[in-house]
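Let's take a friendly walk through this structure, one region at a time. Keep the picture open beside you and follow along.

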Amino acid sequence: MCGNSCRGRNDVGLLAEVDGERVSHFRLREFESREGLAMVHATVLAALERVRRDLGAMAGEEVWIIVTDGVRTQADLERLAARLGWVDEGGAVARRSKHLAEFGGIAVDLVAVVASTGRRVPQETAGAVCRRYFDWVKDDYRDGHVHADNRARAG
Ligand SMILES: [Zn+2]
């Protein structure tokens with residue numbers, strides 16, 4: 001998708017402060033839309049770091065949070081809806097998706113995996129931990145991802 005010309009694009013480490021400690025486990029490119037637009041709200045980064053920490057503590061080993069979708073443009077949204085359908089037509093895509101850039105990078109879709117084995121952390125476990133740090137979480141998608149956003153905190 002991204003050739004030599006854009007190698008390095010958004011390949012920037014993001015620093016968050018979690019309970020007085022500076023941590024950096026995410027890169028800006030992980031939040032990129034298909035077209036290379038990237039943004040992430042500060043409260044989302046801090047929440048992701050906390051979710052990563054808590055899931056790791058529960059597993060007793062390193063857990064990776066894989067961001068499967070961050071910010072979306074209107075064009076990204078239309079493409080997705082063409083595939084999955086709009087919510088009000090029985091599909092899975094909200095017309096006023098919190099992933100839209102206008103909301104400021106407040107939404108992420110993610111899965112969590114145990115680093116050593118690649119085994120997926122169960123969706124409901126990841127969802128429960130996300131609820132500690134995000135305003136709104138949905139964890140009943142068929143493909144096993146969790147949606148989390150900070151619609152109140154960021155407002
Ligand atoms: Zn989502």
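In this predicted model, helix 3 has a set of buried residues: Gln123, Ala126, Gly127, Val129, Cys130 and Tyr133. A rule about helices is handy when you look at such a list. An α-helix has 3.6 residues a turn, so residues three or four places apart point the same way. And what do the buried residues of helix 3 pack against? Their partners are helix 1, strand 4, strand 5 (136-138) and strand 6.

Setting aside residues up to four places away in sequence, Ile65 touches Phe26, Glu30, Leu48, Val51, Arg52, Leu55, Leu110, Val111 and Ala112.

Let's stop at Ala81, which is found in helix 2. Its relative accessibility is 8%, and because buried means under 20%, Ala81 counts as buried. Leaving out neighbours within four places in sequence, Ala81 is in contact with Trp86 and Val93. Ala92 is 11 residues from Ala81 along the chain, and the C-alpha atoms of the two are separated by 7.6 Å.

Now go back to Phe26, one of the residues that Ile65 touches. Phe26 lies in strand 2, where it is the bridge partner of Leu14. Strand 1 and strand 2 run antiparallel and are joined by 5 bridges. The two strands form a hairpin with 2 residues between them, and Asp19 in the turn has a positive phi of about 50°.

Phe26 also has an aromatic partner. A search of the whole structure finds 1 aromatic pair. The rings of Phe26 and Phe31 have centres 6.3 Å apart and planes at 50°, so this pair is tilted. Phe26 counts as buried, at 1% relative accessibility, and Phe31 counts as buried at 1% as well.

Rings take part in another kind of arrangement here, with a charge sitting over them. The charged end of Lys138 is placed over the ring of Tyr141, 5.0 Å from its centre. For Arg151, the charged end sits over the ring of Trp136, 4.2 Å from the ring centre.

Our last stop is the zinc ion. Which protein atoms are its donors? They come from His99 (NE2), Asp109 (OD) and His147 (ND1), which lie 2.0 to 2.1 Å from the zinc ion. Along the chain, these donors follow the spacing H-x9-D-x37-H. His99 lies in the loop between helix 2 (74-84) and strand 4, whereas Asp109 is in strand 4, so the pair ties together parts that are 10 residues apart in sequence. Both His99 and Asp109 are buried.

Terms used:
Residues are numbered from 1 along each chain as its sequence is written. This is a predicted model: local features need pLDDT of at least 70, side-chain atom pairs count only at pLDDT 80 or more; totals for chains, interfaces and linings use all residues. Side-chain values use heavy atoms; hydrogens and water are left out. Contact means heavy atoms within 4.5 Å. Rings of Phe, Tyr and Trp (its six-membered ring) pair if their centres lie within 6.5 Å; planes under 30 degrees apart count as stacked, over 60 as edge-to-face and the rest as tilted. Buried means under 20% relative accessible area, exposed over 50%, partly exposed in between (1.4 Å probe, protein chains only). A charge sits over a ring if NZ of Lys or CZ of Arg is within 6 Å of the ring centre and within 35 degrees of the ring normal. Two strands pair if DSSP finds at least two bridges between them. Helices (H or I, at least four residues) and strands (E, at least two) are DSSP runs, numbered from the N terminus. Donors are N, O and S atoms within 2.8 Å of the metal (3.2 Å for Na, K and Ca); water is not among the atoms, so sites may look incomplete.
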